[in-house]
Amino acid sequence: MKIFHFSLKKIYELRTQEEKKMKRAYGEIQKLVNQKEQKIQQMTQEKVAMSDRNQVSIEQMQVHYRYLARLDQQIMDEHQQLLGIKQQLADSLEKYMVAQKERKIIEKLHEKKHQEYVSEMKKEEQKQLDEFRIRQSLL
């Protein structure tokens, strides 16, 4: 009985590695998104906390308002960066899905070829059994 050999095994392995690589890249970008969102949230909380403070002098009020304006600008900058990272995340997800689809195509082909192999082996085995029974009946 011959052993099943899938001729596209190397391609399947490459596609599996590529899928894992894309999944890892997606995870890393998702981590960046989470970190950026957390940073924005912290900055927003800091802004709220600073807004509640009462200033005694005009100079302190000016410094305070400049700080709040700078904090607002930093929050807007972080939001812009977050949008860029989210676009990278969407692109990464698309690449991961394509890699997954390509792997599944090869996987389905493997399953189909294996089923054909099993079917062929069953036919061969049945043929041998039939020949054995014919020989037994002739003796």
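Student: What's the relative accessible area of His79?
Tutor: His79 has a relative accessible area of 39%, so it's partly exposed (buried is under 20%, exposed is over 50%, and partly exposed is in between, with a 1.4 Å probe and protein chains only). Keep in mind that this is a predicted model, where local features need pLDDT of at least 70 and side-chain atom pairs count only at pLDDT 80 or more, while totals for chains, interfaces and linings use all residues. Residues are numbered from 1 along each chain as its sequence is written, and side-chain values use heavy atoms, with hydrogens and water left out.

Student: Okay, and where does His79 lie?
Tutor: His79 is in helix 2 (helices are DSSP runs of H or I with at least four residues, strands are E runs of at least two, and both are numbered from the N terminus). The C-alpha atoms of His79 and Ile40 are 7.4 Å apart, though 39 residues separate the two in sequence.

Student: Which residues make up the largest nonpolar core?
Tutor: There are nine: Ile29, Val33, Ile40, Met43, Leu71, Ile75, Leu82, Ile85 and Leu89. A core here is a set of buried Ala, Val, Leu, Ile, Met, Phe, Trp, Tyr and Cys residues joined through side-chain atoms within 4.5 Å.

Student: Which helix gives the most to this core?
Tutor: Helix 2 does, with five residues.

Student: What is Ile75 in contact with, beyond its neighbours within four places in sequence?
Tutor: Ile75 is in contact with Ile40, Met43, Thr44 and Lys47 (contact means heavy atoms within 4.5 Å).

Student: Is Tyr117 buried or exposed?
Tutor: Tyr117 counts as buried, at 16% relative accessibility.

Student: What about Glu111, where's its place?
Tutor: Glu111 is in helix 2 too, and is partly exposed, with a relative accessible area of 46%. Its C-alpha atom is 9.6 Å from that of Phe6, which is 105 residues away along the chain.
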